Amino acid sequence: MLERSFVLLPLCEILPPTFIHPVTAEPVHDHLKQLVTGTRQVDPNVQTSIDLVNLVPLVDNSKEFRYIEYDLFNNKSKTQLMSILNVTPDSFSDGHSSNLIVENVMKKIDNMITNGVDIIDIGGCSTRPNSEQPSEEEELSRVLPVIKAARAKYPSSDDILISIDTYRSRVAEESIKAGADIINDVSAGLFDEKMYDVVTKYGTPYIINHLRGDISTMSKLTTYKETKDNDLQVFTKANNQPAMLINEVSKELCQCISKMTEKGVRRWQIILDPGLGFAKNLDQNLDIIRELPLLKKYNQLNTATGEFLSFEHIPLLLGPSRKRFIGKITGKDVASDRINGTSAAVTACIGYGSDIVRIHDYKEMKDACLMADAIYKGIR
Ligand SMILES: Nc1ncnc2c1ncn2[C@@H]1O[C@H](COP(=O)(O)OP(=O)(O)OP(=O)(O)O)[C@@H](O)[C@H]1O
Ligand SMILES: Nc1nc2c(c(=O)[nH]1)N=C(CO)CN2
């Protein structure tokens, strides 16, 4: 056991750092560290190296087992480019029929795929601060025809991954039935209590984004103070303001994770997003990016229930694209003028450890990803 990373690593995801190995009397986490630092060698009869990959299983109609693979041990996976496809009436319609809208959207999808996008994030409902929310029926009528058309032309998740950007469980469910692969929920289940049941039922990857309040109140809910909870042992110490922000965001995400796992969602379905622009002010958005390594190491133990939650080796997504904090820093009031600012932010996100970036300008951001991967991960 002590010479096998494929035994120790999963154990360290479910056992707290305080857990002592019954025979060696050392923490199990220390045994993993010994393998990572080379103090102890892996068992050559069963493993050629300590390297492991994380597989996020996909639910595909084919019989084959499909998954998204992340080499989280060495940070050597190519960053995934998630391209935003807003199917809101003002994005594609020019006053014509819905068939024409789908036709126009398909051209854009073709172009995204030609330009090397990995995931297309389809959204029929804007979640930017204070935006108006359409009805569920309206949201469904916007996204379903596009998902169906995209899946008809690109049948396999190998061709393209499709995510549905929605906080509504019914939209998520219908989208999965229409062929979407991933659920991207800005509310991490807080806006719709049935969301976790859908995620459990279909077993899809589930992106959980941190926010507070709702679309109209979130911009004001930016006070992050250390909360007192005698039952909660947090292993990442918050000795400054940015670290405290990370810990509070993480704790709030863990509250959601705790609820969803109780409902049957599995750890390997989860992709984390600390939510740039969601209940964060300008400095907090910068802190989130800069302190991403802290978030990736977040660990907590509920001493009352024994529940241990760790963010280690969970894939991470950031969505900085064209957001207001970039506009404020670069002095660009118009969102489409923020491409260079976004490019710099995307590079930083990757440098600090984001596995997926959600962006609007896929051609430009493809280049940013290629450069950042070459510099930070040595991947070409
Ligand atoms: N959470 C946010 N925080 C700050 N600014 C945001 C946020 N979301 C969107 N914006 C701003 O909204 C504009 C882009 O909106 P757009 O709807 O295209 O983005 P999006 O990421 O697709 O959002 P949504 O999916 O909610 O529609 C930009 O002006 C951007 O500055
Ligand atoms: N996962 C994720 N989804 C989003 C994000 C984001 O930052 N992350 N930003 C949005 C625009 O506000 C809409 N949807």
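Predicted model: local features only at pLDDT ≥ 70, side-chain atom pairs only at ≥ 80, totals over all residues.

User: Let us take the eight strands first. In what order do they lie, and is the pairing parallel or antiparallel?

Analyst: The order is β9-β7-β6-β5-β4-β3-β13-β12, the sheet is open, and the pairing is parallel.

User: Why is one side of β9 and of β12 left without a neighbour in the sheet?

Analyst: β9 (270-273) and β12 (317-318) are at the edges and each has a single partner strand, so one side of each has no neighbour in the sheet.

User: And what holds paired strands together in general?

Analyst: Strands of a sheet pair through backbone hydrogen bonds, and the pairing can be parallel or antiparallel.

User: How many bridges join β4 to β5?

Analyst: Five bridges join strand β4, residues 119-123, to strand β5, residues 161-165, and the two run parallel. As an example, Ile119 has Leu161 as its bridge partner in β5.

User: Which strands form the antiparallel sheet?

Analyst: Three strands form that open sheet, in the order β8-β10-β11, with antiparallel pairing. Its edge strands are β8 (232-234) and β11 (308-310), each of which pairs on one side only. On average, neighbouring strands of this sheet are turned by 15° against each other, with direction ignored.

User: How many bridges are there between β8 and β10?

Analyst: β8 pairs with β10, residues 299-302, over three bridges in the antiparallel sense. Within this region, Val234 stands opposite Gln300 in β10.

User: Changing topic: which residues come nearest to ligand 1?

Analyst: There are 17 residues around ligand 1, and Asn86, Thr127, Arg128, Arg322 and Arg338 come nearest.

User: Where does ligand 1 sit?

Analyst: Ligand 1 sits in the largest pocket.

User: Then what surrounds ligand 2?

Analyst: The residues around ligand 2 include Thr127, Asp165, Asn184, Asp273, Phe278, Lys323 and Arg358.

User: Which side chains have a polar atom lying by a nitrogen atom of ligand 2?

Analyst: Asn184 has a polar side-chain atom 2.8 Å from a nitrogen atom of ligand 2, and Asp273 has one 2.6 Å from a nitrogen atom of ligand 2. Lys323 places a polar side-chain atom 2.7 Å from an oxygen atom of ligand 2. On its own, ligand 2 has 340 Å² of accessible area, of which the protein covers 91%.

Definitions and conventions. Residues numbered from 1 in each chain as written. Chains lettered and ligands numbered in written order. Heavy atoms only, no water. Pairing = 2+ DSSP bridges. Helix = DSSP H or I, 4+ residues; strand = E, 2+ residues; numbered from the N terminus. Axes fitted to C-alpha atoms, helices over the stretch in contact; angles between N-to-C directions. Near = heavy atom within 4 Å. Polar contact = N/O pair within 3.5 Å; in protein donor to acceptor, adjacent residues only side chain to side chain. Areas by Shrake-Rupley, 256 points an atom, 1.4 Å probe, with all protein chains shown as cover. 1 Å grid on protein atoms, 1.4 Å probe; cavity = no way out; pocket = protein on both sides within 12 Å on 5 of 7 lines; lining within 4 Å. Sits in = over half its atoms within 2 Å of the grid points.
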